[in-house]
Amino acid sequence: MIKFHMNLISIDKLSLIESDKELLTDVSFGIDEEDKIALVGINGCGKSTLLRVLSGIKKDFEGSISKNNNLKISYLNQNIQFNPEHTVIEHILDSNGTVMNCIKNYHKSLDKISKGIDDSENFEMLSQEMERLDAWNIESNIKSILSELGILDESLKMKELSGGMLKKTAIAHALLQEYNLLLLDEPTNHLDIDTIVWLQNYLTKSKKALILVTHDRYFLDNITTKIIEIDENQLFVYNGNYSYFLEKKQERKESENRAQERLTNILRREKEWLLRGPKARTSKDKGRINRAYDMMDQVKSQEISSSEFSISERRLGKKIIELKNVSKSFNNRQIIKPFNYTFKRGEKIGIVGDNGSGKTTLLNIITGTIESDTGIVDKGINTHIGYFDQMGKELPEDQTVMNYLKDIANIITLDDGRKLTPTQFLELFLFPKSLFHTQISNISGGERKRLYLISILLSNPNFLILDEPTNDFDIQTLTLLEDFLADYTGCLIVVSHDRFFLDKVVDFLFILNNNAEITGFAGNYSDYTDYRKDLLKDEKRAKQKGTKNISREEKKGLSFKEQKEFEKLEKDIELFEEKIEILEVSFTENPNSPDLGERMKEYNDFKIKLEESYIRWEELGEKM
């Protein structure tokens, strides 16, 4: 039986313009309860602007938006708004929701009483209201989520928080509001990988509607049941997750390319005819001339592939960089314990660790931006470092995009001897021609980051360091960068929270832990995750093996109720695995059926239930 979901928002013939740039033209779509939608498209296409329209912040648009009377929206903006003097808990409770206001007033009353101010009557009334609204459970949930996010001190002021902690607090605020539609704009930026995995699992289990903008492809693939792509002012809807979107987009592009090929052949003949000169054109041919010019406008530029280029790198010398007993402390806290490493030609290393574990500090030691407390950094004479700093770089705002690049290099030599101009390089990284001669002050933040990256690659480094390169790039740009790095023959170091990006570009990891130690791991991030899972399993097996030596008198065993639960879990696990297998077969056999979104949601639900059942089954198994 098909389950019908309540419509939350209906958008009809929506047109959007931002800074004189047309983003959307007459687009229509709807959002239903339990929808989990991702907006994808290149930087500047209008994803964040559309979220601001849906949230009600941006009101200047054409078309109509109808919202359900029961709609409640929670919105996480990229640019976090906060009162610097508020504590973490004050920021979390800063809301117009009835329950949050009650909890906020309860805390204020409690604070007054703790300071010796008589507020007992108000406190009693608020306590009863907390009971009526079931706010005690909400408050418990607040503490649970803050704990999961690693926010252990609620009394810290917002101005005292690091960028990563600010983002975690903003996420907690968004998740704890009263809502049935959650809007998330780049929620994974500035988060460590463990927090991203936690948020991914939280959103997967949630039954509430979600629209998100993110470049994290694993995040997209595991959470979403619908992809909305913004492409050339139009929307294309795909009822499935990110993998399904890629498959269907490829089919759409192949169809478009066939049409483009036909159009290009006709256009070639028409151009030849136009170039024959005035004698070949009589007045009765004006219609044909106009058609030829129309077709010129219709022909799209070919999609760029980074396989067309790779920079001819400087040759690395015998000595590249050697780290000899380097260490670093700040304010009597050791960030990096003494560490030794000799970099070798062609290495591609990823650096992972929690926020504040010292990843950027290690990069700054390698590049000489800061000095290590001990040891030395011995750099080879032929080693030329290109450093993409996550804090960015002040670009000359009075220069045009093209002039800025020409000051760095006029021609780039490719591995095969071909020459590439800055114009061609900009096209390869998806810069529209309209921006080539635009002042840097007039381009977007994402376009500046792309220009900054291009300027580093143009400097022709043979030791490339990328610190959080994925934060402000769209998926298309990331794909180009990944392809480029696959062919890069110099040394590469990457700090990133993007698991997909790490999997594609690195084959070795530096693991930074909270004890200031750096350990190595041969493999990419998914390999490392599998390794950690295997370690946990080994620890559980060892623990179980140890319990077998305990006498029956010492063993607790399972209660009658737990034994029944254990038997039921075994049956449930078998059932869930069977359901998952059936659904996976249906995705292959019926990829275009109208209930695909519903099946994807059902599939994700069964995966969650299976994982939860396995965890409980293992817990009970340890007691047997």
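**Entry 1: α3 and α4**

I began with the way α3 and α4 lie relative to each other, and I note that the two helices are roughly antiparallel, a label given to angles over 145 degrees, whereas angles under 35 count as roughly parallel, 65 to 115 as roughly perpendicular and the rest as oblique. For helix α3 (residues 98-114) and helix α4 (residues 120-132) I find axes that come within 9 Å and cross at roughly 150°, where axes are lines fitted to C-alpha atoms, for helices over the stretch in contact, and angles run from 0 to 180 degrees between N-to-C directions. The model is a predicted one, so local features need pLDDT of at least 70 and side-chain atom pairs count only at pLDDT 80 or more, while totals for chains, interfaces and linings use all residues. I also keep in mind that residues are numbered from 1 along each chain as its sequence is written, and that side-chain values use heavy atoms, with hydrogens and water left out.

The crossing of α3 and α4 is left-handed, meaning that the near helix is turned anticlockwise from the far one by less than a right angle, with clockwise giving right-handed. I then listed the contacts (heavy atoms within 4.5 Å): from α3 they involve C102, I103, N105, Y106, S109, L110 and I113, and from α4 they involve N122, F123, L126, S127, E129 and M130. Sorted by type, the residues of this contact of α3 with α4 are eight nonpolar, four polar and one charged, where Ala, Val, Leu, Ile, Met, Phe, Trp, Tyr, Cys and Pro count as nonpolar, Asp, Glu, Lys and Arg as charged, and the others, Gly among them, as polar.

**Entry 2: α3 and α5**

I next looked up the packing of α3 with α5, which has an angle of about 80° and axes 10 Å apart. That makes α3 roughly perpendicular to α5. On the α3 side the contact is made by V99, M100, I103, Y106 and H107, which meet A135, W136, I138, E139 and I142 in α5. The residues of the contact of α3 with α5 come to eight nonpolar, one polar and one charged.

I looked at I138 separately, a residue of helix α5 (residues 135-148). I138 is partly exposed, with a relative accessible area of 30%, on a scale where buried means under 20%, exposed over 50% and partly exposed in between, using a 1.4 Å probe and protein chains only. Apart from its neighbours within four places in sequence, I138 is in contact with V99 and I103. I138 and L176 are 38 residues apart in sequence, and their C-alpha atoms are 8.1 Å apart in space.

**Entry 3: the three-stranded sheet**

I traced an open sheet of three strands in the order β2-β1-β4, with antiparallel pairing; two strands pair if DSSP finds at least two bridges between them. β2 and β4 (62-67) stand at the edges with a single partner strand each, so one side of each has no neighbour in the sheet. On average, neighbouring strands of this sheet are turned by 10° against each other, direction ignored. Strand β1 (residues 7-18) pairs with β4 over five bridges, and S10 stands opposite S66 in β4. Helix α1 (residues 47-55) lies across β1, β2 and β4 and runs at about 130° to β1.

**Entry 4**

Which residues cover the two faces of strand β14 (residues 385-388)? I find I385 and Y387 on one side and G386 and F388 on the other, all of them buried. β14 runs parallel to strand β17 (residues 463-467), to which four bridges join it, and F463 is the bridge partner of I385. Y387 is also among the contacts of N364, together with T369 and I370, leaving aside neighbours within four places in sequence. N364 is found in helix α11 (residues 359-367) and counts as buried at 16% relative accessibility.

Most residues other than glycine have a negative phi. For D26 I noted a positive phi near 50°; D26 lies in strand β2 (residues 21-32) and is partly exposed at 49% relative accessible area. Phi of E468 is also positive, near 50°; E468 is found in the loop between β17 and α15 (475-486), and E468 is buried at 11%.

**Entry 5: the whole chain**

Of its 624 residues, 46% count as buried.
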